[in-house]
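Below are my notes on the model you sent, as numbered points.

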Amino acid sequence: MLKKLIITLFFLIILVSMHAIIDLNKATLQELITLPITQQQAEDIYNYRYYISFYQSIYQLREINSIDQATMNRLKHLVTVSHYTEKDDSAQRRDDIYYLIERLGSNEGLQEGMSDVWEDYLISPRNVNKLTFTDILNLPNTSPIDAAAILNRVTRGDSISSYRDLRKSPGISYYGARNIQNYVYYQEQPDIRDFYIDYQMKYNDSPYGDTEKDMFTESMIRLDPPNSTDPITPREKSQSYWGYFNMESDRASIMNKIRMRYRNELKAGLIFENPKSSSVLDDHDMDNVLQDAKFYVGYENDFEFQGYNFLKVYAGNFRATFGEGLVMENTDSFSPRKTGYGFDKRITGIIGDISRSQEYALRGVALDWKRNNMNAAFFISSDKKDAVVYDSNENGVLDDDDYILGYINLTKRFSNQELEEAEKFFNEYAGNQNQVRIAPRLDALQENLIGGHLEYSPFIGTHLGITGYEATYDREIVVPEEDELKALLLSDENNFDKWKITDNEISNLYSTKSDLYGDRNYRRILGFDWRTVLNNTSFQGEYAELQKTGSLAKIGDDPSALIISSYTQFDNLYLLAMYRDYDLAFDNPYQRSFSESERFDDTVLEKTTYGLNNTLLNDMYNNSAQPSAERGFYFETRYQFHTMLTLNQAYLDIWERKSDARQGIRAQVNFEFKPIHQLRFRLRHKHQVKRYNDDLDRGKSQADETEFKLITYLSNFDKLQLGYVYARVLQPPYLSILSNPAEPGAPDMAQSQTLTDGDMIYLDYTHNFNENLKVIGAFSFWYAHGASFWDFEDIELDFDHSDRGYKTWFNIHSRIANNVYLSLKYKYKQYLTREIEFRNYNDIPDSGEYYFQRIERKENIIRLQLDWNF
């Protein structure tokens, strides 16, 4: 039945798409190229609309010199002309802001803070002839080659007077010019409002993710011996943080953000959030909300003094990002394979910060001064950080005299009083063998940080920079020796077998007190970065060291990190190659460079919930923002073979994890076949092997995922997508014998390879009611058999790994007025949990002792976002 449904939908979409035609007043250049005409004719049609006038009739094509009557006859059944409205620059910028809010405003984390910066550029464009290399590179989807092309032209005295003039700049790509056109002006500054306010509110009642819920619901009570026959009493339901704090009834979070600016000079911002809670906020709670609020005030201005200068000064919370992210990029978010190109942009320099980042937020004063061949930045921050505290003085109490193990970014920030009361309850629970001796604490560590960046550019496209910071602390950060650390993190000796070689990533955390260098109260990082652009290729990199026993003036005598890359750009092709090498002991909490996985991957902080002394320690991995210690090569490309066939993206990553020398491969290819503009076929295949060099290792696994997608573009920018995904994971056999030792003479049974697989079908739709109202939604069904799927829901990610289920969601985007934008998302999800049965090693448990049957769950989720610009 399902196969028949898929085939029917497949042919129905193709049939509908064949009747869709291209709108001459809305089509992009790439869409026009798909018509049966030459590349030059497509550009002429596009340029006529852009520089002369919109089309009032398809017969207006005959006014273009390259369009003869024969071409006209071929096109008249393939194109149409819609009603159009001439828009001035201000109206066009409003449209761009609306699009930016729709695509990025809800996507904090993946592109955190970028939407604020780009919206400022749209509100108050800057003269393209006065931008620095970094300014251009910080714009959406621009490359170093594009930035060098613009500066090379301007430096020769050939100022850019229009977008068409910009396109003629030697070396600039079509996409680079198109992406920046609405963020800049050329000769006369457009009229802009002197005073501008942007208010944003987000309401979200999404439940906790499965990983976080497992952490909260895992019992903190270890009884010896366990008794599974006794009924569960209300007291026993409080054996976990989930039950103790009644987290089942946690309400939605509400975020409020306000940004203000006067002209292009004075800026201010404020963000505060009511977190998920099971109770109505009282005055004390509101005090905590305001205490955790972030704000900034800033001044930006350009001036002439021995050449062009641009100055930024910020007070409050700010973002500081330099180089390739080895030394400084303060965000709470981790993004795998963040290259710094395309949609993985890294906005460098100093900007105001009212993102949701809390743990790695910087609060203080920052200055950023740029001129044609030099950039200098200086910043000071003083802030309290959440941290993991353990009973180092062994007095049975976690107090201010105890040592810190490391930073922690908590999923839910319970107050210290709440944590202490919960720990007391767990410790005093009758028969509990697990006494809490390590726990997170809010604002446990005072961090005073001073840093800076100095960069010199001897010629366009080339720079050398140095970045460093020193963070001083008011408490000792001490990582115990491995045996002591193992006993500290795990609840008892019965769980010591969970400690693996990968856990040396924990034991290699930085300590301010060590036998190697004595007692100090600081962490010091220093690095240098470089870039040079040669024709259509850019070479860049960064090297950094964490000072331990060596000297800052000497390279190679301390734990280090290195990343180098090259980026080559052609009209229809780009090539990216990258090498990274991060030492295991290079523990920089502000490192956000390229990596496959985050720190603590495959350690007890990820793999173990039951068995940890405190289940909240899982958050050290769950919300880790640092990359894992890795060494490897990464390659990425995109190539358009033909107007009908494009390799949208292909990448290959070959790397070694430093903690256990595990070697891995991850590769993905994305093809698109476009026989006509309205119809596209996309094929994606991902292949990943962990520990590919050892077939007998239990840690080896092979994961494959294939997706086929059919997309059809209808009239008025409507769209339908039908997709099918198949995923499987292949693991090696158990090397131990799986038999029942209680049964004499039982035959030995060795398990063969383990295969888990699953598939999913989905239908996505987009319908535009008019220019100001549209709805995006989807239906999906999956049958997992142990597999899992990442599902992109418009601007969010959802992880589906239940046994089977279905969901539907829709997101209404509405521009209520020119300055009011509304987004309302509703999702319904119904699924069966997996059937799980645990056993002791080579032991058959009593029936039902560790058995979790399938449970049907239903979720109703609402997400609301309101943006008001005035």
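**Notes on the predicted model**

1. Arginine 153 counts as buried, at 4% relative accessibility. Its side chain meets that of aspartate 158 in a salt bridge, 3.2 Å from N to O. Aspartate 158, by contrast, is partly exposed, with a relative accessible area of 36%. The model is predicted, and that applies to every point below.

2. Arginine 259 and aspartate 198 also form a salt bridge, with their closest N and O atoms 3.8 Å apart. This pair links distant parts of the chain: arginine 259 belongs to strand 6 (residues 253–262) and aspartate 198 to strand 5 (residues 195–204), 61 residues apart. Arginine 259 counts as buried at 5% relative accessibility, and aspartate 198 counts as buried at 5%. The cut-off for buried is under 20% relative accessible area.

3. Which parts of the chain does the salt bridge between lysine 370 and aspartate 135 tie together? The N to O distance in this bridge is 3.3 Å. Lysine 370 lies in strand 11 (residues 362–371) and aspartate 135 in helix 7 (residues 133–137), so the bridge joins parts that are 235 residues apart in sequence. Lysine 370 is buried, with a relative accessible area of 2%; aspartate 135 is buried too, with 1%.

4. In total, the structure holds 32 salt bridges. Some residues are linked in a network of such bridges: Asp601, Asp602, Arg657, Asp660 and Arg662.

5. Helix 15 (residues 482–489) has Leu485, Lys486, Leu488 and Leu489 buried. These residues lie on the same side of helix 15, because they cover an arc of only 160° around the axis. An α-helix has 3.6 residues a turn, so residues three or four places apart point the same way.

6. What covers the buried residues of helix 15? The cover includes three strands, namely strand 12 (374–390), strand 13 (403–407) and strand 14 (438–459). Helix 16 (504–507) and helix 17 (604–607) are also part of the cover.

7. The structure holds seven cavities of 30 Å³ or more. The largest cavity contains about 280 Å³ of space. It is lined by 23 residues, of which Val117, Asp120, Lys267, Glu300 and Ile351 are the closest to its centre.

8. Where does the lining of the largest cavity come from? Helix 6 (114–123), strand 8 (294–304), strand 9 (308–321) and strand 10 (349–352) each supply at least two residues. Helix 6 gives the largest share, four residues. By class, the lining has ten charged, seven nonpolar and six polar residues.

9. Of its 870 residues, 53% count as buried. Among contacts between residues at least 6 apart in sequence, 65% join residues at least 24 apart.

Note on methods: Residues numbered from 1 in each chain as written. Predicted model: local features only at pLDDT ≥ 70, side-chain atom pairs only at ≥ 80, totals over all residues. Heavy atoms only, no water. Buried < 20%, exposed > 50% of the residue type's maximum accessible area, 1.4 Å probe, protein only. Arc of directions from axis to C-beta. Contact = heavy atoms within 4.5 Å. Salt bridge = Lys/Arg side-chain N within 4 Å of Asp/Glu carboxyl O. 1 Å grid on protein atoms, 1.4 Å probe; cavity = no way out; pocket = protein on both sides within 12 Å on 5 of 7 lines; lining within 4 Å. Points joined across faces, edges and corners; volume = space filled by probe spheres on them. Nonpolar A, V, L, I, M, F, W, Y, C, P; charged D, E, K, R; others polar.
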